[in-house]
There are 2 protein chains.
Amino acid sequence: MTTAISPSTVAFGEYAQGEDPLPSWNEGSAKQNIVDFVCGVTTTGHPHFVKPEERVAVFDNDGTLWTEMPAYFQLAFIFDRLKALAPQHPEWKDKPLYLAVLEGDMKTVAAGGLRGLLELATVTHAGMTTDEFSKIVEEWIETARHPKFNRPYTDLIYQPMLELLAYLRAHGFKTFIVSGGGIDFMRVWADKVYGIPPEQVIGSSIVTKFEMLAGVPVLMRLPELNFMDDNVGKPVAINMHIGRRPIAAFGNSDGDLQMLQWTAAGTGSRFGLIVRHTDSVREYAYDRSPLGTLDKALAEAQAKGWTVVDMKQDWKCIYPFETRK
Amino acid sequence: MTTAISPSTVAFGEYAQGEDPLPSWNEGSAKQNIVDFVCGVTTTGHPHFVKPEERVAVFDNDGTLWTEMPAYFQLAFIFDRLKALAPQHPEWKDKPLYLAVLEGDMKTVAAGGLRGLLELATVTHAGMTTDEFSKIVEEWIETARHPKFNRPYTDLIYQPMLELLAYLRAHGFKTFIVSGGGIDFMRVWADKVYGIPPEQVIGSSIVTKFEMLAGVPVLMRLPELNFMDDNVGKPVAINMHIGRRPIAAFGNSDGDLQMLQWTAAGTGSRFGLIVRHTDSVREYAYDRSPLGTLDKALAEAQAKGWTVVDMKQDWKCIYPFETRK
């Protein structure tokens with residue numbers, strides 16, 4: 001395998017000769033497919049060669065780069081914010097959905113569906129400037145803990161995916177996040193944990209408005225949805241933010257299907273990959289769960305020959321902290 | 001001057017020792033301000049030093065990077081498209097605004113105001129896939145000619161600004177376009193003429209929609225405005241696409257005021273520059289014209305100490321073709 005990639009690794013000088021760039025990936029078809037794809041698009045003279053500026057790779061975040069169970073981590077942020085803001089909003093006690101969050105009644109929260117969650121998201125994400133919001137997220141992400149692992153949420157990123165991001169970047173790829181999560185929520189920590197700078201983070205957003213506040217220009221966050229970056233929204237957002245069709249796309253659920261379809265439909269060599277959550281011991285095992293549903297995208301992956309990663313089989317370790325044991 | 005910038009130029013190795021990186025700029029305060037700013041933010045140990053990843057510079061396009069007279073070049077595209085599409089739309093002859101364009105009656109077109117122009121823009125920019133639209137723009141930009149100079153529009157880019165873009169990039173800056181012009185219109189040629197890749201071009205947009213067309217995923221362009229990237233829209237778009245506050249902003253009209261205010265209001269060293277059109281012989285002379293109005297932004301530039309470029313005084317040449325004479 002190292003022989004196959006040696007021309008490009010030598011060219012980029014990032015890996016020592018013979019060094020495995022994906023040490024947390026077990027040998028198998030998933031790892032082999034990745035290496036073969038990268039070899040083809042980065043080797044001058046290869047029929048699949050792609051110019052460096054067109055090497056765009058897009059990654060879903062929840063369930064693809066970090067864990068998304070028992071619920072999207074941003075939901076924990078929303079609930080924590082609602083609790084923190086509750087003393088200033090006595091009227092919330094008369095709203096069943098809000099009261100359910102405050103009392104930890106997740107059954108009622110779930111019954112509110114996506115519409116209810118969106119309302120809670122916009123309420124807790126609005127009413128401050130963009131700078132103030134960043135500080136709130138920064139503080140939360142440093143102090144909040146995951147209920148199962150009792151660790152900061154940013155510890156629950158996937159070590160094999162970190163290696164993959166680094167491997168692609170070392171081969172001239174520009175790596176982007178394209179997530180249903182909040183764009184301004186992710187940008188606070190994505191650079192630190194994934195090495196993905198704010199301008200390469202794409203996500204859902206609420207409306208912001210330019211205002212002069214006591215002579216100082218600010219961007220105020222309003223409680224109104226601007227863009228939902230999921231499903232059919234993902235190719236739209238990719239076109240808006242990147243303006244190029246990616247040559248590689250990585251996801252884990254049906255929300256990533258259109259992004260994978262859009263990527264795969266381009267000319268030349270294309271790579272699609274789906275992370276399948278199969279490890280109930282080291283992480284979680286689910287396919288057709290209400291959250292992070294993988295059904296249509298899995299069928300299409302099998303039909304189109306996209307790579308499906310079986311976490312339990314393909315990954316030597318899940319999280320970076322395991323390697324430091 | 002070359003002494004002042006030598007530490008960083010040597011570090012980036014882009015300019016030979018003693019070489020002037022801005023040869024089309026006359027010596028004077030505008031050029032000196034640029035060089036002083038770049039020296040400060042790129043010299044390690046300097047109190048104004050800024051890390052490379054935070055060196056974001058934003059440029060308006062019309063009137064800042066290329067000419068915008070006798071009218072925004074994209075208007076010529078709109079009118080040419082309307083004429084090309086007219087045979088398929090006999091009903092346009094009954095619409096005064098459309099008929100005015102077809103008959104070259106610019107007085108009636110102007111009377112339609114921004115609202116009328118936006119309607120013409122959305123109609124001519126919609127009804128095809130994103131790939132099809134790119135091809136239409138590509139063909140137009142290669143064949144259309146400017147009425148005064150009888151040259152391709154892309155010849156009418158400013159040589160001193162090209163040097164400035166290159167100078168900033170050589171010093172670790174990421175250069176972005178933030179324009180009221182169409183994002184998908186500019187992306188077709190911006191990389192070729194300015195060296196600014198699609199993902200660093202921000203502009204106005206219409207709605208696009210993901211669709212399956214005979215089994216092939218496409219993004220269809222709909223005749224509906226998505227975002228107007230002008231005035232208060234510019235800081236909003238900068239936050240959405242870049243997620244960082246720029247440290248330098250370059251504009252030429254009141255439409256750039258909020259972008260300049262937003263940039264200048266950050267902490268640390270900040271740079272604001274306004275290109276003033278003062279050369280009726282080599283280009284055009286105007287400040288308070290109906291199009292490209294420079295009034296409030298000029299007053300604020302003077303009050304805030306932003307750099308004002310006087311094209312006639314500060315620029316040795318205007319266009320690249322002059323240097324090839």
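A residue is called buried when its relative accessible area is under 20%, exposed when over 50% and partly exposed in between, computed with a 1.4 Å probe on protein chains only. By this rule A:Phe77, at 0% relative accessibility, counts as buried, and so does A:Trp140 at 8%. The model is predicted, so local features need pLDDT of at least 70 and side-chain atom pairs count only at pLDDT 80 or more, while totals for chains, interfaces and linings use all residues. Residues are numbered from 1 along each chain as its sequence is written, chains are lettered from A and ligands numbered from 1 in the order in which they are written, and side-chain values use heavy atoms, with hydrogens and water left out.

Aromatic rings come next. Rings of Phe, Tyr and Trp (for Trp, its six-membered ring) pair if their centres lie within 6.5 Å; planes under 30 degrees apart count as stacked, over 60 as edge-to-face and the rest as tilted. Over all chains, the structure holds 40 aromatic pairs. In one of them, the ring centres of A:Phe77 and A:Trp140 are 5.3 Å apart and the planes stand at 75°, so this pair is edge-to-face. A:Phe77 lies in helix α3 (residues 73–85) of chain A and A:Trp140 in helix α7 (residues 130–143) of chain A, so the pair ties together parts that are 63 residues apart in sequence. Helices here are DSSP runs (H or I, at least four residues), as are strands (E, at least two), numbered from the N terminus. In chain B, the rings of B:Trp140 and B:Tyr153 have centres 5.3 Å apart and planes at 15°, so they are stacked. This pair links distant parts of the chain, 13 residues apart, with B:Trp140 in helix α7 (residues 130–143) of chain B and B:Tyr153 in the loop between α7 and α8 (159–170) of chain B. Both B:Trp140 and B:Tyr153 are buried. Back in chain A, ring pairs join A:Trp66, A:Phe73, A:Phe77, A:Phe133, A:Trp140, A:Tyr153, A:Phe185, A:Trp189 and A:Tyr194 into a cluster.

Charged groups also meet rings in chain B. A charge sits over a ring if NZ of Lys or CZ of Arg is within 6 Å of the ring centre and within 35 degrees of the ring normal. The charged end of B:Arg221 sits over the ring of B:Phe133, 3.8 Å from its centre, and that of B:Arg245 sits over the ring of B:Trp262, 3.7 Å from its centre. B:Arg245 belongs to the loop between α11 (233–241) and β5 (248–251) of chain B. With contact taken as heavy atoms within 4.5 Å, and not counting residues up to four places away in sequence, B:Arg245 touches A:Asp131, B:Trp262, B:Thr263, B:Ala265, B:Gly266 and B:Arg270.

Helix packing can be followed in both chains. Two packed helices are described by the angle between their axes and the distance between the axes. The axes are lines fitted to C-alpha atoms, for helices over the stretch in contact, and angles run from 0 to 180 degrees between N-to-C directions. Angles under 35 degrees count as roughly parallel, over 145 as roughly antiparallel, 65 to 115 as roughly perpendicular and the rest as oblique. In chain B, helix α3 (residues 73–85) and helix α6 (residues 113–125) pack at about 60° with their axes 9 Å apart, which makes α3(B) oblique to α6(B). The contact involves residues including B:Phe77 and B:Ile78 of α3(B) and B:Leu117 and B:Leu120 of α6(B). In chain A, the axes of helix α2 (residues 29–42) and helix α8 (residues 159–170) come within 11 Å and cross at roughly 15°; α2(A) and α8(A) are therefore roughly parallel to each other. Here A:Ile34, A:Val35 and A:Val38 of α2(A) meet A:Leu164, A:Tyr167 and A:Leu168 of α8(A).

Some helices are mostly covered. In helix α12 (residues 257–264) of chain A, seven of the eight residues are buried, among them A:Leu257, A:Met259 and A:Trp262. For α11(B), nine of its nine residues are buried, including B:Lys234 and B:His241. Just after α11(B), B:Gly243 takes a positive phi of about 75°.

B:Glu300, in helix α13 (residues 296–304) of chain B, is buried, with a relative accessible area of 17%. Leaving aside neighbours within four places in sequence, B:Glu300 is in contact with B:Leu257, B:Gln261, B:Gly305 and B:Trp306. B:Glu132, placed in helix α7 of chain B, counts as partly exposed at 41% relative accessibility.
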